[in-house]
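Please read the following report alongside the sequence and the model.

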Amino acid sequence: MEIKLITSIERIPENEKQVIIDFLYENLGQYTDAKADIEKAIDHIFSEKSPEGGFVLLSSDKLKLTGAVVVNRTGMEGYIPENILVYIAVDKNLRGNGIGRRLLQLAIDSANGNIALHVDADNPAQRLYNKIGFKTKYLEMRYIKK
């Protein structure tokens, strides 16, 4: 398995960005977001209008994408972690093989500063996050304007 780190200093080809968006959309399952929202998270990393940046990690086996991580820099420090792990997904047919753990550990190693993530209360990925060392600090509440 090969893992590729793409940072905000680099530029991502449009066709590769679409492959990542499609992969995340398909493999996040019930926890997925709209493709447009996934694209916004990726654009936040590579846009000149977003100086915070971030990075994408991609795992592949030969030419097939097997996993993806999107981490956005928040531009904040202390009161809010410097990074937010926005998306992590492994090919649904390859789960349980350690790909997610390896990607998560590489995301931690690649991030400059602390990392936050949001996870649904019923998401089984919480076990992995807890094993790696993530702690529940807050219960997030949102007010959605209509």
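Contact here means that heavy atoms lie within 4.5 Å. With neighbours within four places in sequence left aside, L24 is in contact with T32, I38, A68, V70, Y87 and A89. The model is a predicted one, in which local features need pLDDT of at least 70, side-chain atom pairs count only at pLDDT 80 or more, and totals for chains, interfaces and linings use all residues. Residues are numbered from 1 along each chain as its sequence is written, and side-chain values use heavy atoms, with hydrogens and water left out.

**Nonpolar cores**

A nonpolar core is a set of buried Ala, Val, Leu, Ile, Met, Phe, Trp, Tyr and Cys residues joined through side-chain atoms within 4.5 Å. Buried means under 20% relative accessible area, exposed means over 50%, and partly exposed lies in between, with a 1.4 Å probe and protein chains only. Helices (H or I, at least four residues) and strands (E, at least two) are DSSP runs numbered from the N terminus.

The largest nonpolar core has 19 residues, of which L24, V56 and V70 touch the most other members. At least two residues of this core come from each of α1 (14-27), α2 (35-46), β2 (54-61), β3 and β4, and α2 gives the most, with 5 residues. A second, separate core holds 17 residues, including I88, I99, L103 and F134. In soluble globular proteins, nonpolar side chains tend to be buried together.

**Strand pairing**

Two strands are said to pair if DSSP finds at least two bridges between them. The pairings are set out below.

| Strands | Sense | Bridges |
|---|---|---|
| β1 (residues 2-7) and β2 | antiparallel | 6 bridges |
| β2 and β3 | antiparallel | 8 bridges |
| β3 and β4 | antiparallel | 7 bridges |

Individual partners can be followed across these strands. L5 stands opposite L57 in β2, and L57 in turn stands opposite V69 in β3. Likewise, F55 has V71 in β3 as its bridge partner, while V71 has L85 in β4 as a bridge partner.

How many residues of β2 and of β3 are buried? In β2 the number is 7 of the 8 residues, so this strand is largely enclosed by the rest of the structure. In β3, 8 of the 10 residues are buried, so β3 is likewise largely enclosed by the rest of the structure.

The hairpin of β2 and β3 has 2 residues between the strands. K62 is found in the loop between β2 and β3, and its phi is near 65 degrees, a positive value in a residue other than glycine. Is K62 buried or exposed? K62 counts as exposed because its relative accessible area is 73%.

**Selected residues**

N27 has its place in helix α1, and N27 is buried because its relative accessible area is 6%. Leaving aside neighbours within four places in sequence, N27 is in contact with A89, V90, D91, K92 and R95.

D43 is found in helix α2 and counts as partly exposed, at 30% relative accessibility. The C-alpha atoms of D43 and N72 are separated by 9.7 Å, although these residues are 29 residues apart along the chain.

I3 lies in strand β1 and is partly exposed, with a relative accessible area of 22%. Not counting residues up to four places away in sequence, I3 touches L57, L58, S59, R102, L103 and L106. By contrast, I3 and E82, which are 79 residues apart in sequence, are 23 Å apart in space, C-alpha to C-alpha.

**A nonpolar surface patch**

Patches are made of residues with over 30% relative accessible area and no salt bridge, where like charges are joined within 9 Å and nonpolar side chains (Val, Leu, Ile, Met, Phe, Trp, Tyr) within 5 Å. A salt bridge is a side-chain nitrogen of Lys or Arg within 4 Å of a carboxyl oxygen of Asp or Glu, and accessible areas come from the Shrake-Rupley method with a 1.4 Å probe, only the protein chains shown counting as cover for residues.

Which residues make the nonpolar surface patch of about 300 Å²? The patch is made by M76, Y79 and I80. I80 is placed in the loop between β3 (64-73) and β4 (83-90), and I80 counts as partly exposed, at 34% relative accessibility.
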